[in-house]
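Please find below a short note for a colleague who is meeting this structure for the first time. The sequence and the model are shown first.

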Amino acid sequence: MNTNTLRKAVMCAVAAFAAAIAYAPASQAQKGAPRYEADVSWPKPLPNRWVLGGLGGVCVDAQDHVLILNRQDVIEGDLNGARLAPSIIEFDPAGNVVNSWGDAKLLDPRLHSCHFDTDGNVWIAASPSGMIQKYSHDGSRLLLQVGKKGELDSSDGTDKGKPLNSNAPKFFMPSSIAVDGQTGDIYVSDGEGAGGNRRVAVLDKTGRFLRQWVIDDMQTVHCLAMANDGMVYVCNRLGSAVRVYDKMGSLKRTIEVPWKPVTPPADGKLTQSGGSAVAIDFSPDQRVMFVINQNNGQVDMIERASGTSLGSFGRPGSFPGTFNQAHGIAVDSKGNVYIAENRGKRVHKFKVAG
């Protein structure tokens, strides 16, 4: 072998080794992570020429029925060719509509999130309303309401007033609800938008105020979920992190949700487009935390125990499997992931790829 040939061989070997190092972290991050693909057959076409507005949230019950919250903010002209879909729509696992309901006199139109408790009742948070509600599974009965519609926990009772973070069962922009399956206690993240409360409030099963913890250094307290071990996960939407608390509000750890623009901004200034920690849910075995990252238009998968990134799926767009402001997330018992879009006005199902 002459000198030039040897030099080329060495250079090729070095390049191959460098490439292996460069791609090792990515492959390690994907090790053991589920791989997801869009299920374009779900849901089935909506009946009665229904048209959706923005979807505030999505949740899944014990039978893997999927509930979506329709804000009904259809665009001009839609109703010339369609009918306004109900506020609450339930799908079976095959994607068929099996129930729908919603009384405008009781609900607030800007629905934000929902949660099924262990008894099968559904809890609904509507951010600007100042209230949370508990309904029977089929929506036929309002079982509990905490707070009053249109009366906020502020100095003047409106969204113009100073947030009070009161030690009381009242709210200023409630964003998410989780019910402790052991005690029935209700955990509410209260602070969906800028200028509102900044806290997690805890109520007993009757709606009586128990305690709270105020989170002053978050711009928004946008979501909340409780893991099976009782840890409370709270979205720091614009802080690129999920914070983990115990039931008494003691901060145990912070899981970073970093992001960066795919296309660097021309002026070099980092501008968020919704935050990287918008909504969360867990895999059936609780190993993986799924996080809606609006900044990158994707769903991030994070190992819950270590905080290690396991990859992501989705991207911005208007085609199946792409997102136009993903806002709500839920995972069923088989590990399928459901995403509700606000601007995109649709719900996706992502299934584990074979």
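The points that follow concern a sheet, a hairpin, a histidine and a pocket.

1. The structure is a predicted model, and the remarks below should be read accordingly.

2. The four-stranded sheet. Four strands make up an open sheet, in the order S3-S4-S6-S7, and their pairing is antiparallel. At its edges are strand S3 (55-60) and strand S7 (97-101), each of which pairs on one side only. From one strand to the next, the twist averages 20°. In general, the strands of a sheet pair through backbone hydrogen bonds, in either a parallel or an antiparallel manner.

3. The pairing of S3 with S4. Strand S4 covers residues 66-70 and runs antiparallel to S3, to which five bridges join it. As a point of orientation within this pair, Asn70 in S4 stands opposite Leu55.

4. The hairpin of S14 and S15. Strand S14 (residues 199-203) and S15 are likewise antiparallel and are joined by five bridges. Gln212 in S15 is the bridge partner of Ala201. The two strands form a hairpin with five residues between them, and Gly207 in the turn has a positive phi of about 95°.

5. The setting of His222. Is His222 buried or exposed? His222 has a relative accessible area of 1%, and because a residue under 20% counts as buried, His222 is buried.

6. The contacts of His222. The side chain of His222 makes a polar contact with the side chain of Arg237 at 2.8 Å. A further polar contact, at 3.3 Å, links the side chains of His222 and His112. When neighbours within four places in sequence are left aside, the residues in contact with His222 include Ser175, Ser176, Glu192, Cys235 and His327.

7. The largest pocket. The largest pocket holds about 1200 Å³ of space. Which of its 50 lining residues are the closest to its centre? They are Val60, His115, Phe116, Met226 and Asp281. The elements that each give two or more residues to the lining are S3, strand S8 (111-116), strand S12 (174-179), S16, strand S20 (280-282) and strand S24 (326-331).

Key. Residues numbered from 1 in each chain as written. Predicted model: local features only at pLDDT ≥ 70, side-chain atom pairs only at ≥ 80, totals over all residues. Heavy atoms only, no water. Pairing = 2+ DSSP bridges. Axes fitted to C-alpha atoms, helices over the stretch in contact; angles between N-to-C directions. Buried < 20%, exposed > 50% of the residue type's maximum accessible area, 1.4 Å probe, protein only. Polar contact = N/O pair within 3.5 Å; in protein donor to acceptor, adjacent residues only side chain to side chain. Contact = heavy atoms within 4.5 Å. 1 Å grid on protein atoms, 1.4 Å probe; cavity = no way out; pocket = protein on both sides within 12 Å on 5 of 7 lines; lining within 4 Å. Points joined across faces, edges and corners; volume = space filled by probe spheres on them.
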